Amino acid sequence: MKARLDLLATVDEGVTESEIFRLALQHSVAELGGLGGTVHLRGPMSALRLVSSTGLPPRLVRPWEIIDQEGPTAPARALREGGAGGGTGAGVWVPTGRDGTWPGTGLAAVPVSGAERPVGALTLVMGEQGRPTDAQWAFLRAVVAWAEERMGQAPPPGRVRTPGEESGGRQLRQALKAVQVGTWDWNIQSGELAWDDAAMDIYGTDPADFLHSIESWLKVVHPDDLPWTLAAVQRSIRDRAVFEAEYRVRRPGGGYVWTQARGRVVLDDRGEPVRMVGRAWDSNESPAARDALGRALRHMSDGFLAVDEDWRITFVNLAAEHTLGSSEAELVGRVLWELPSVHGVPDLEAHCREAAAAGRPAGFDVRVPDAGVVRDETEPPVADGRSYHLRVVPVPDGVTLYFTDVTERRRREAEQAATERATAERSARIAELTGALAGATSSRDVVDAVARGVLTPFGAAGLMVLAVEGGSGRLSYIGSVGYGREFVDAIIGSSPERGGPIWEAILTGSPLFLASADEFMARYPAMRERPAESAKQAWAFLPLTVSGHTFGICVLAFDRPRHFSDGDRTLLTAISALVAHALERARLYDAEHTRSRELQRVLLPHTLPELPACTAAARYLPAGQGMDVGGDWYDVIPLSAGQVALVIGDVMGHGLSEAATMGRVRTAVHTLAALELPPDEIMNHLNDIVGALGEDSFVTCLYALYDSTTRICSFARAGHPPPAVVHPDGTVHFPDLAPDPPLGAAEPPFETVELTIPEEGLLVLYTDGLVEAKGREIDEGMTTLADLLRSADTSPTADLDQLCDTLTAGLLPADQPTPDDAALLVARVHALAADHMASWPLPSHPQAAGEARKHVREQLAAWGLDDLAMTTELLASELVGNVVRHAKGPVRLRLLRSAELVCEVGDGSLTTPRIRRASATDEGGRGLQLITALSQRWGTRYTATGKCIWTEQALPGTEEYRAGHPAGGGADFALGEDFGSPGDFVTGEL
């Protein structure tokens with residue numbers, strides 16, 4: 001023991017306090033045979049904090065970093081009892097069973113005193129030898145006395161100690177500063193915060209400005225770090241766990257430095273958190289943290305390089321050494337741009353300087369020479385080596401650079417790009433072949449198109465296209481390239497009984513690929529002579545199938561063995577589908593005209609509906625003999641609330657395709673009109689539909705929406721002639737409508753024009769084939785149309801069918817051939833009488849439903865429709881109640897008496913109601929089921945200010961009413977579990 005004390009006595013004056021603590025602990029542990037030891041010092045608050053430890057793992061030491069000096073731990077007891085409570089006057093002995101989960105037999109603690117009172121404790125974890133002897137206690141006291149003496153001689157941080165400086169407690173408080181670890185104590189409930197001098201220094205706070213509240217800490221933490229740091233505090237309080245965080249704090253000069261903090265929660269007698277005590281230190285200055293970070297950076301898998309403001313290398317890790325081909329000793333201190341390996345990296349210096357000047361991170365790929373290859377600085381840049389992604393991150397004192405090896409990733413990306421290019425090339429081949437096949441009108445044209453588009457790109461040497469004869473079940477010749485006639489004749493006429501690859505592919509409907517003659521002969525030994533006869537070495541047998549029916553085969557042959565990759569097989573299979581459709585079209589070319597005529601007849605409306613809003617008649621006149629069928633059409637589409645859509649259009653061109661396009665567009669018009677969209681929106685959607693049909697698809701169209709309640713007709717047209725408006729007095733004029741281009745070539749938006757049509761006036765819609773003919777321009781034809789209308793009987797009692805005959809006979813005489821199809825639609829519009837309409841504004845509160853029911857009862861009584869009163873009241877109540885509940889005002893109720901009774905409720909919302917199936921336990925969701933059960937039809941119509949939800953009911957005395965009320969009574973129904981209660985209907989997802 002004396003030898004150790006003598007050794008300690010030789011330590012020079014002026015060593016740092018941290019070195020004093022380390023020597024005291026090491027000699028104490030070694031002399032007493034302990035497992036490890038700690039030194040705690042007390043700050044100005046009720047906590048002891050760890051300032052030094054030796055021989056103990058961090059897991060055991062961490063809970064003792066901050067301990068309550070009033071607690072039962074050995075250091076706290078030694079501090080309080082001052083060496084008087086250990087039984088021998090030497091210190092405190094606490095068996096490990098009473099002091100947590102420490103290893104060994106117990107803890108021996110002696111107080112560390114200042115000039116006036118104990119300020120800390122030295123604690124040893126004892127092994128199997130157990131409690132120290134009296135001599136060992138004396139040795140510990142002597143070591144502590146030596147430490148107390150030398151700590152009084154130690155210089156304070158940042159300056160040299162002057163003679164005569166106070167010793168004792170002041171020097172020990174300065175020791176706290178020496179280790180640059182501050183202590184804090186936060187009252188969670190009151191928010192009061194206490195910092196010691198070291199904490200003040202770490203957080204850059206003048207004690208005179210300290211507010212003793214948590215706000216003092218909040219205002220120095222970097223705003224970007226504050227959210228997650230506070231979240232860590234909350235988790236620690238919630239989970240009663242250790243608080244650990246690293247964040248930036250503002251320095252007095254305005255900059256930021258990184259600090260770390262660790263603390264623990266102090267609980268009251270009820271187990272509730274009341275305080276949090278902990279310590280903080282400058283992580284920028286912490287040698288342990290710096291060493292740990294350096295080791296991590298040194299051995300990280302990615303390259304890491306740090307340079308100062310002059311671009312001199314200050315740190316380099318192993319991966320960066322390998323990348324740059326030099327050792328750390330050769331790299332540190334050198335300017336980055338002077339390295340030979342950097343000379344071969346294009347634009348590296350420019351990118352790095354740009355990122356540093358901008359003050360923000362930047363990333364880019366670079367090509368670095370092979371690792372470990374030393375090149376002379378005069379050598380030219382090299383193109384070999386590996387690819388790296390370099391990320392440049394500016395930091396306050398320079399720039400950091402991160403190297404990530406992306407060679408394999410870029411290789412995979414290059415391979416993927418090559419695959420995508422190959423796919424694009426194949427797509428281009430298919431597109432080119434598709435265009436060629438689209439222009440083929442005969443079987444020979446199809447074979448020639450396949451020969452041009454398939455043989456050369458695939459390196460094929462032969463092509464044969466055969467068809468299956470329907471009656472005989474034998475093969476017939478369509479065309480071939482690269483085969484001798486004798487070989488082809490041997491193939492033609494073969495039957496399924498003989499088998500072989502051709503019939504196998506036809507019968508199975510699956511492509512068959514044979515990569516070599518050996519594979520062919522092994523699979524078909526009975527046909528071993530075929531490869532030699534054909535002089536081919538590989539084959540692709542592609543069945544031609546349309547609509548599930550295989551009607552032929554396309555054989556591609558190669559003059560050398562060939563491996564068919566998955567991409568080749570997929571592409572050839574797709575090509576066979578194109579060829580199949582082209583051949584099918586060519587074989588049916590002669591019958592196309594007849595079928596298209598029949599198709600058009602079916603697609604046009606057979607009869608026009610009888611509507612209260614208008615009476616209509618129409619004519620369709622096909623082109624002259626020998627012409628393909630056209631795509632002219634017309635429609636009268638009934639809508640809700642006395643509205644009707646009048647539509648006429650013309651698909652440019654003639655043929656089956658145009659007739660099919662007409663059917664698609666007409667169906668689309670019906671669908672869009674049923675959604676009750678405005679005319680310009682319908683034109684927008686039609687333009688998208690026609691545009692998707694192909695670059696050669698163009699359609700002219702005129703859409704007129706007539707409202708019998710206002711007599712206003714809204715027009716939108718796309719490349720179509722304007723309508724003729726005929727007044728009851730015989731006046732004729734053509735409205736000035738915006739001449740938008742045809743559908744498929746137009747650029748939305750479309751213009752809409754509104755006109756007030758006189759009651760019993762006529763709207764005449766037509767296609768250009770009616771007014772334009774050989775030797776007659778369209779303007780001249782429109783003038784002739786106007787003259788015919790003025791001279792014809794257009795009175796309200798005139799027969800519209802006779803008027804159609806007059807117009808067609810005058811514009812398209814029967815003895816003159818017509819070059820184009822023509823369509824004509826004449827409609828006489830009617831207005832709904834004012835006494836058949838009633839409308840009321842409603843308030844936006846729950847009482848609105850009651851007012852709606854009152855208005856319904858009174859109005860239906862005035863119209864003599866009492867049988868519909870209860871049903872209509874319930875419909876109006878359901879609609880109004882849910883509009884008030886789920887939508888927004890203004891709310892309006894309207895009743896229309898026409899061919900049906902229409903009940904409308906309008907609001908300012910744009911949401912769309914939808915039916916959903918409600919479960920037995922749902923409180924709502926049955927509103928639309930109720931609406932559907934009580935009305936013939938219902939729907940939603942959008943207005944300029946919102947939307948309108950409408951319902952239709954059959955009037956008493958009509959067939960529809962009798963069908964819905966077989967007993968002749970009113971609304972015989974009851975609300976039950978299937979429909980729920982009024983108020984379940986919402987203007988949203990139900």
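**Notebook: loops and confidence in a predicted model**

I began with P749, which I found in the loop between β28 (732–733) and β29 (753–756), where strands are DSSP E runs of at least two residues and helices are H or I runs of at least four, numbered from the N terminus. Which peptide bond here is cis? I looked it up and noted that the bond from P748 to P749 is cis, with omega near 10°.

Before going on, I wrote down that this is a predicted model, in which local features need pLDDT of at least 70 and side-chain atom pairs count only at pLDDT 80 or more, while totals for chains, interfaces and linings use all residues. Residues are numbered from 1 along each chain as its sequence is written, and side-chain values use heavy atoms, with hydrogens and water left out.

I then checked pLDDT, the predictor's confidence in each residue from 0 to 100: the protein chain averages 81, and 86% of the residues score at least 70. Over residues 83–89 the pLDDT is below 50, and I noted 15 contacts of this stretch beyond near neighbours in sequence, a contact being heavy atoms within 4.5 Å. Residues 371–383 also have pLDDT below 50, with 17 contacts beyond near neighbours in sequence.

Next I turned to backbone angles and saw that S547, a residue other than glycine, has a positive phi near 55°. S547 lies in the loop between β20 (538–546) and β21 (549–558). Is S547 buried or exposed? I recorded it as exposed, with a relative accessible area of 79% (buried is under 20%, exposed over 50%, partly exposed in between, with a 1.4 Å probe and protein chains only).
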